[in-house]
Amino acid sequence: MSELDKIINECLGEECKTCIEDCEFLKGLDEAPGTLARKLKDGLFRVDKRLAYRCNMCDLCKWNCPKELSSGDMFMEIRQAMVKEGLGPLPEHQFVKRDQNFSTSDKFAFANYNPSAERCEHIFFPGCGLSGYSPELVIDTYEHLRRHLPKTGLILGCCGSPTRFLGDEPRFREILNMLIAEVKALGDAELIVACPECYHTFKHCAPELKIRPLSCILSEQNLPVEVLSGEGQVFSLHDSCKARWEPEWQNSVRALIGKLGYEIEEVENSRDKTRCCGLGGMVAYADPELTAVNIKKRADEFGHDILTYCASCREALSAYKPALHVLDLIFNPDWRSAKTNPQKTGKARRENQARLKQMVQERDHS
Ligand code: SF4
Ligand code: SF4
C-alpha cells in the first residue's frame, strides 16, 4: 500500500495532530495528514505544485506519530507522481539539476584504487557535500584511512539523493547504478561513508552495498596525539535527521568527540528525536522563508558552538551560530577560525569538488 493510502486509512485525524506540533511546515497547513492525503489524492498537487516540495523529508512526523505514519514518505510519492505527469520538479530546481550534473561529470566523479594494494578492501566515499565543504578534510581523512587500512580506495561522486528528493526516480536510479558499478569494479569492497544522507540512500535504495559510517571507523582507530586535547571544551551536537534511526552513527560520533577530549551539550531534540537543520528535502528552492525559519529554530536550541557530522547541516546552521564538522576538530588545525566561515555558494562548492579531484590525481602521481 502507498504511504498516501496508509495515511488516508489510518490517520487519527483532527483529534490527534501530534505530528503537526513539531513541524513548521505541517503547522502552516493546519490540517491532519489524513485530511491532506485525501485532498492530494483528489488532485491538490496539480493545483498547488509547491506543496509537496516544502517538506524536509526528515521523518520527525513518523517518530511523533502513534501509528508511525510518515508524511515525508507521502510527499515523496507525490513528488514522484508530479515528475511522471511533467508537473515537477519546479523551475527553481534547475540549480539542483545543474549541481547534480556537475557532481556526476568528469569534473568531479572519480574512482581511485590505491595502486600499492593488491585489491581494495574498503572504499572511502566522502560524498559531494563534504567534498564541496572542504577538499582538505577529504584528502586528510583519506590519507589517515590509508595509513590504518592500506587497501582503501576512493570514489568521488554523489549518491543521487538530491535527484531523488526532486522526485525524479529514473534519473536517481541511473546515478545510483553508475556508482554501484564503480564499487563492483573496485572489488565490491565495504564503503566507508562520510555523510548520513548518502548512508541513508545506500541503506534503503542499494541494500546490496556493504556500508559503514566513517565515524565508527575513526572512533576505533588511533588518532594523531595532537588532536586529543579538547580540554573539556563544550560543543552542542546536532544529529542529522538522516541518522534518526541510526544509533550506530549517533553513538560512534559521541565516542569520537569524547576521544578527542571535548564535552557534548545534548539538547532535548537529539538522537532519534532530532530536528532537521532546515535544508533537508531540497526545501530551500521551494520555500526559502520556511527554510530560514527552520534553520533558526534549530540553531536556537544550541547553547554552544555547534558540531555536526553532515557538511550540509554545518553550512545551514552556520548562518546563526559558529559551527563545525566533527572532522574539522581532527584534520583542520585552523578550526577555531573556520567555525565562523560563512556558508559556501554553489559555485564555491563546485570549485572545491573539482579541486579535490585534481589534488587526488596529483598526489597519486607525485
Ligand atoms: S500523528 Fe499520525 S495519526 Fe496523528 S494526525 Fe499525525 S499522521 Fe495522523
Ligand atoms: S518529514 Fe519532516 S518536514 Fe516533512 S512533514 Fe514530516 S516532520 Fe514535517
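# A guided tour of the model

Start with the rings: searching the whole structure turns up 7 aromatic pairs. Here rings of Phe, Tyr and Trp (its six-membered ring) pair if their centres lie within 6.5 Å, and planes under 30 degrees apart count as stacked, over 60 as edge-to-face and the rest as tilted. Keep in mind that this is a predicted model, where local features need pLDDT of at least 70, side-chain atom pairs count only at pLDDT 80 or more, and totals for chains, interfaces and linings use all residues. Residues are numbered from 1 along each chain as its sequence is written, chains are lettered from A and ligands numbered from 1 in the order in which they are written, and side-chain values use heavy atoms, with hydrogens and water left out.

**Stop one: aromatic pairs**

Select Phe125 and Phe202. Their ring centres are 5.5 Å apart and their planes meet at 65°, so this pair is edge-to-face. Phe125 belongs to strand S2 (residues 122–125) and Phe202 to helix H13 (residues 196–205), so the pair ties together parts 77 residues apart in sequence. Helices (H or I, at least four residues) and strands (E, at least two) are DSSP runs, numbered from the N terminus. Both Phe125 and Phe202 are buried, where buried means under 20% relative accessible area, exposed over 50% and partly exposed in between (1.4 Å probe, protein chains only).

Next, pick Phe235 and Tyr262, an edge-to-face pair with 5.5 Å centre to centre and 70° between the planes. This pair links distant parts of the chain, 27 residues apart: Phe235 is in strand S6 (residues 234–237), and Tyr262 is in the loop between helix H15 (247–260) and strand S7 (263–265). Phe235 and Tyr262 are buried as well. Then highlight Tyr199, Trp249 and Tyr309, which form one aromatic cluster.

**Stop two: the ligands**

Show ligand 1 and the residues around it. Which residues surround ligand 1? They are Cys11, Leu12, Gly13, Cys16, Lys17, Thr18, Cys19, Pro33, Cys65, Pro66 and Leu69; a residue is near a molecule if one of its heavy atoms lies within 4 Å of it.

Now move to ligand 2. Its surroundings include Cys23, Cys55, Cys58, Asp59 and Cys61, and helices H6 and H7 each supply at least two residues of this shell.

Most residues other than glycine have a negative phi, and most peptide bonds are trans. Go back to Asp59, one of the residues around ligand 2. Asp59 has a positive phi of about 70° although it is not a glycine. You will find Asp59 in the loop between helix H5 (44–47) and helix H6 (60–64), and it counts as buried because its relative accessibility is 15%.

Met282 also is not a glycine, yet has a positive phi of about 60°. Look for Met282 in the loop between S7 and helix H16 (283–286); at 19% relative accessibility, it counts as buried.

Finally, select Gly88 and Pro89: the peptide bond from Gly88 to Pro89 is cis, with omega near -5°. Pro89 sits in the loop between helix H7 (71–84) and helix H8 (94–103).

**Last stop: helix H10**

How many residues does helix H10 have? H10 (residues 135–148) has 14 residues, and at 1.5 Å a residue it should span 20 Å, which agrees with its end C-alpha atoms being 20 Å apart. The expected span is 1.5 Å times one less than the number of residues. Colour its buried residues: Pro135, Leu137, Val138, Ile139, Thr141, Tyr142, His144 and Leu145.
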